[in-house]
Amino acid sequence: MNFMEMVLALFAIVMFTTISLVYNRSMWNQAENLDNIAKVIQATQVAHSKLDEIDARLLSQMLSFSENQSSGTPLTVRQAYDNVTETIDLTYAGYVFTVSYNHEYCDSLGLNPNETYNPDAKFIKVTATVASNPGMSHPVFISRVYTKTNFYLDY
Amino acid sequence: MSVLIDLLGALMIATMLLLMMITFQLQLRDTADRTIFAAQMMTHVQRACHDLNGIIALAGIKMPTDSVTVVTADSTVFAFRTFWDFTDNCMTLNANTLSMELEADSTSMYAPTGFKLNIIQSAPILELQSILWLENLSFSYYDINNVFLGKQIPDAETRKKIYSVDVNMTFRRDPPDIRAVPLRTRVQLRCHLMNRYLTYIP
């Protein structure tokens with residue numbers, strides 16, 4: 001085998017190794033995607049469940065919608081959920097998620113977010129961000145707009 | 001002679017490359033099948049969670065605060081009362097009892113690939129029986145402050161304290177390739193009994 005043949009053989013080895021690695025990588029990507037889908041579904045359920053919990057606590061008047069509270073009254077949504085982070089350990093599913101909440105006043109469509117309290121505010125938007133580390137390629141964001149009703153505690 | 005050896009060598013290399021490409025193609029097809037299959041499975045899981053959350057949220061409609069809304073709180077069976085009629089999709093004058101449990105009949109046609117979730121209001125509700133491929137289902141119960149009450153609550157007074165339920169589900173389906181391992185997905189779902197919260201008196 002002369003020098004030229006050796007170079008050609010080397011090129012062939014490099015080319016086929018590259019092809020093998022590319023195929024291998026694409027299959028690993030598929031496996032990672034599947035794992036990611038399962039986590040995203042679970043994270044979505046966690047976000048919905050935590051937002052349901054806010055609704056439930058408002059309905060049971062364990063949280064108040066209004067900011068005009070006196071001492072000894074329940075927390076407002078802002079106090080309980082603005083820039084708050086909690087860790088959710090799902091032992092059955094085998095995941096640990098970090099849920100971050102953000103609270104804003106908004107209009108009926110959830111637009112024009114406003115941090116400033118207005119006594120006439122009728123809509124609150126709470127955004128739950130669910131992330132896992134290590135885990136999902138992107139966190140799950142779900143927002144819900146709560147509308148002031150007669151069922152809620154108001155002052 | 002030298003030319004013949006060269007030709008044989010070239011033939012061997014070409015055959016190896018061809019085999020390699022065929023193997024890659026088969027692997028790719030298998031992975032694609034599995035991915036599509038799993039994606040359908042995930043859609044099913046998500047829909048099942050959505051349906052279950054919606055059904056449990058309607059527990060205790062029009063029930064007085066001090067009445068026993070949850071009539072069975074077991075690790076495998078959850079039954080509650082509501083004045084909502086799921087069969088006719090309307091309010092009724094008498095309370096209905098809805099129970100959810102895995103299909104008990106192990107000889108069922110679903111047994112080899114998991115069980116279906118039975119939602120029963122005097123008889124199984126057909127339109128709610130689309131939650132299939134369950135391998136395991138268990139419930140755990142929580143009070144209004146999210147304090148764990150237990151997995152089996154025989155005492156009626158304790159059942160009055162139930163305000164949310166954790167539904168743990170394992171879905172299982174055999175993949176397209178019969179030699180491959182089954183696909184299993186575990187989901188943990190916290191469902192709130194919204195109408196219980198609505199009648200709560202602080």
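Two residues are in contact here if their C-beta atoms, placed from the backbone, lie within 7 Å. This is a predicted model. In chain A, take the contacts between residues at least 6 apart in sequence: 53% of these join residues at least 24 apart.

Now the elements of chain A. The chain has 2 helices and 4 strands. Along the sequence they follow the pattern α-α-β-β-β-β. The radius of gyration of chain A is 25 Å, well over the 15 Å that the globule rule gives for 155 residues, so the chain is more spread out than a compact globule. The C-alpha trace spans about 95 × 35 × 20 Å along its principal axes. Of the 155 residues in chain A, 25% count as buried.

Which residues of α1(A) and α1(B) meet? From α1(A) come A:Tyr23, A:Met27, A:Gln30, A:Leu34, A:Ile37, A:Ala38, A:Ile41 and A:Gln45. From α1(B) come B:Phe24, B:Gln27, B:Thr31, B:Thr35, B:Ala38, B:Ala39, B:Met42, B:Val45, B:Gln46 and B:Cys49. The residues of this contact divide into 12 nonpolar and 6 polar, with no charged ones.

Terms used
Residues are numbered from 1 along each chain as its sequence is written. Chains are lettered from A and ligands numbered from 1 in the order in which they are written. This is a predicted model: local features need pLDDT of at least 70, side-chain atom pairs count only at pLDDT 80 or more; totals for chains, interfaces and linings use all residues. Ala, Val, Leu, Ile, Met, Phe, Trp, Tyr, Cys and Pro count as nonpolar, Asp, Glu, Lys and Arg as charged, and the others, Gly among them, as polar. The radius of gyration is taken over C-alpha atoms; the globule rule is 2.2 Å times the number of residues to the power 0.38. A residue is buried if 20 or more other C-beta atoms lie within 10 Å of its own, exposed if 12 or fewer, and partly exposed in between; C-beta atoms are placed from the backbone.
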